[in-house]
Amino acid sequence: MSFNQIVWKMAKVHYKKYILYFLCNSFAVMFFFMFSTVYFNEQVVRVKKLESIQYVLTVPGVALVVFTVFFISYAHNIFIKRRRSEIGLFMTLGMSNRDISKLLLLENVIIAIFSIISGILSGIIFSRLFFLLLMNSVGLQEVPFQLNSKMFVYSIITFLIVFFIAVGQSLFLILKRSVIHSLKSDKIAETIKMKNPLLGGVGLAIIIGSILGLYYTYSDPKAGEFLLFWAIATLIGLYISLYQFTSLFIELAKKYKPFYYRRLLFMASLDYKFKQLTSILMLVTVMIMITILYSTIILSTYMLNEKQVIDRNPFDIAFIQTENKNNLALEDLYSIVDQKENPVQKHLVIPIYTYYQKQPYSDWSYVYHFMAVDHFNQLTSNQFKLQDNEFVYYINDDPESEGSGNDYNQDVIFPIRNENVTYTRKETIIEKNINNLSNLHDFIIVSNSEFESLKDKLDGFESNLHLINVANWKKTTNTVERLEKSFKSYNVNTPPIVDVRVENASEEDLFQVASKVEDYNHNKNSNGILFFVTCFLSVIFFFGSFTLLYLNLFSEIDKEKDKYKKLKYIGVTTKEVNRIISREITTLFFVPTLVGTTLAFLYIVAMAKDIGGITKNPEILLHFLIVAVIYHSIQVGFFLYGRKKMFYYLTGH
């Protein structure tokens with residue numbers, strides 16, 4: 001019998017090893033290709049550039065690459081570990097190192113080719129399916145399913161690099177070992193090093209300290225720098241805690257001897273598995289944490305879109321009108337805006353006078369917007385009364401997002417007719433009452449008579465601020481489009497602006513229409529794409545973490561089967577074996593899930609401080625609970641499936 005015949009016969013007998021290895025690599029290709037269909041989608045790329053959502057894709061992308069590297073390496077190590085004794089046998093029969101290298105390379109090349117083909121085909125199918133399901137659920141049709149060369153090239157190259165690095169490393173180690181070591185590889189015990197329960201407490205303290213540090217520094221302007229530091233600290237503490245988790249738990253359990261001795265066999269087995277699988281459990285925990293954290297953040301952003309739009313746009317439609325720009329007659333304006341099914345309910349016209357004060361020794365000008373106090377009272381429902389040379393500094397912004405408003409804590413001085421006139425600040429008001437229009441961020445509110453006087457004395461620009469509310473702002477899409485088209489046609493026929501007003505802003509920006517519906521549609525599109533991308537990645541991460549857990553459980557199923565057979569010889573019943581198996585699987589499945597969920601929640605609490613905290617934003621907690629419940633519900637289904645399969649393999653029931 002030739003070597004080729006021997007190899008072929010052994011491959012047929014141990015075909016399950018090859019199938020498991022092939023499926024793992026195929027899954028890795030599929031996961032990365034599915035991510036590529038999102039990352040390189042033209043519409044997502046366009047939004048990524050315009051909306052600065054690079055970080056939303058970068059962090060999960062890096063996590064997915066790390067997962068792919070680890071997953072492929074781990075699958076390959078399991079495959080080689082289960083074949084070391086076979087390779088040792090080949091060596092004893094006279095197969096040279098060159099023959100061994102040729103055999104392993106040939107096997108892995110064939111498996112790699114079929115993994116790439118099956119992984120990409122399944123990735124195309126599942127990506128297309130997820131695109132259809134998620135696009136319909138999000139309500140977006142702007143992100144079509146696409147395939148391009150980058151998706152294939154990056155997926156294949158990434159897989160091949162990681163795959164052949166793992167193959168080369170294992171091949172080097174195999175050829176370096178002696179024949180006897182390879183033959184006895186199944187008999188060599190894996191030792192557990194450094195059992196120190198105290199380190200488990202240290203790891204937990206590091207996690208708590210990192211989260212407290214994030215909580216107290218997240219509002220800092222340099223929060224990005226701190227975030228990376230605290231995230232690294234959390235990962236370090238997590239690894240130490242997971243590695244020493246069972247040692248600490250056993251040490252505490254020993255204080256309650258009846259509890260400890262009834263579960264002695266379970267605890268000893270669990271302690272061994274936790275220390276052997278620490279890296280895998282940590283990777284799964286981090287993937288679960290990222291999935292739940294990102295899903296909650298993006299879900300909250302998507303669901304709060306309407307509220308945010310209303311807060312940013314107090315009026316349904318707003319625009320600036322001057323003598324030569326946007327100057328439609330009132331009848332023409334109402335013919336566009338005032339429709340029978342959506343009539344105008346409120347229309348304010350507020351005169352504004354804008355003065356550009358040139359700064360000394362600079363080409364830069366400071367912009368002052370003046371408003372009469374009566375019009376300000378009409379806008380804000382206040383009852384201010386001002387004397388001449390008094391002013392109220394009004395900042396058109398959310399009080400929580402705006403600073404202290406100290407720009408005009410001092411008096412202001414204007415050069416009027418070769419004389420410096422001083423105006424005294426009476427009060428500073430920070431309220432959001434006007435839509436986001438170009439340059440209209442702050443105002444100097446003066447008395448009515450002083451407003452008219454400033455128009456005569458300062459060389460500035462008159463304009464009217466139009467603020468309109470209708471019955472239903474969500475039905476103003478066509479209205480806003482017609483209004484913008486009419487303004488554009490009118491403005492084209494008037495002389496272009498060439499003065500100081502367009503030094504730092506274009507004419508189009510100065511006379512834009514700021515409407516709720518456009519802001520809503522814009523954010524719905526970008527936030528919807530973000531929500532879609534996050535859901536897509538969450539699905540990939542979920543199946544990736546489950547596949548990794550499942551692989552861990554069944555990678556050494558033969559050894560587990562032998563172990564439980566020996567336990568039966570010393571009187572352990574099938575019922576007791578099933579109980580031990582159930583406890584082990586439950587712990588391995590749900591410790592990463594619960595820890596990842598807890599860390600995600602604590603990070604959300606820390607990050608929410610920047611917007612007033614969880615108590616002021618209870619909807620964030622609701623969105624977290626929705627994501628967590630959905631994730632855990634699906635996880636329970638996979639757990640029941642995995643436990644049933646484990647019972648069947650180990651006990652035949």
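The largest cavity is lined by 15 residues, and those nearest its centre are Ile 320, Thr 354, Ser 463, Arg 501 and Leu 510. A cavity here is a set of points, on a 1 Å grid over the protein atoms alone, where a 1.4 Å probe fits but cannot get out; lining residues have an atom within 4 Å of a point. This is a predicted model, in which local features need pLDDT of at least 70 and side-chain atom pairs count only at pLDDT 80 or more, while totals for chains, interfaces and linings use all residues. Residues are numbered from 1 along each chain as its sequence is written, and side-chain values use heavy atoms, with hydrogens and water left out.

The volume of the largest cavity is about 170 Å³, taken as the space filled by probe spheres set on the points, with grid points joined across faces, edges and corners. In total, five cavities of 30 Å³ or more are counted. Strands β2 (344–358) and β8 (461–470) each contribute at least two residues to the lining of the largest cavity; strands are DSSP runs of E, at least two residues, and helices are runs of H or I, at least four, numbered from the N terminus. The lining comprises seven nonpolar, six polar and two charged residues. In this classification Ala, Val, Leu, Ile, Met, Phe, Trp, Tyr, Cys and Pro are nonpolar, Asp, Glu, Lys and Arg are charged, and the others, Gly among them, are polar.

I turn now to Ser 241, in helix α10 (residues 223–253). Is Ser 241 buried or exposed? Ser 241 is buried, at a relative accessible area of 15%; buried means under 20%, exposed over 50%, and partly exposed in between, with a 1.4 Å probe and protein chains only. Its side chain reaches the backbone oxygen of Gly 237 at 2.8 Å. Leaving aside residues up to four places away in sequence, Ser 241 touches Gly 200, Gly 203, Leu 204 and Ile 207, where contact means heavy atoms within 4.5 Å.

Finally, the aromatic rings. There are 19 aromatic pairs, that is, rings of Phe, Tyr and Trp (its six-membered ring) with centres within 6.5 Å; planes under 30 degrees apart are stacked, over 60 edge-to-face, and the rest tilted. Tyr 215 and Tyr 216 form an edge-to-face pair, 5.1 Å centre to centre with 85° between the planes. Tyr 215 is partly exposed at 31%, whereas Tyr 216 is exposed at 61%.

Technical notes: A polar contact is a pair of N or O atoms within 3.5 Å; within protein, one must be able to donate a hydrogen and the other to accept it, and residues adjacent in sequence count only if both atoms are side-chain atoms. On a 1 Å grid over the protein atoms alone, a cavity is a set of points where a 1.4 Å probe fits but cannot get out, and a pocket is an open set with protein on both sides within 12 Å along at least five of seven lines; lining residues have an atom within 4 Å of a point.
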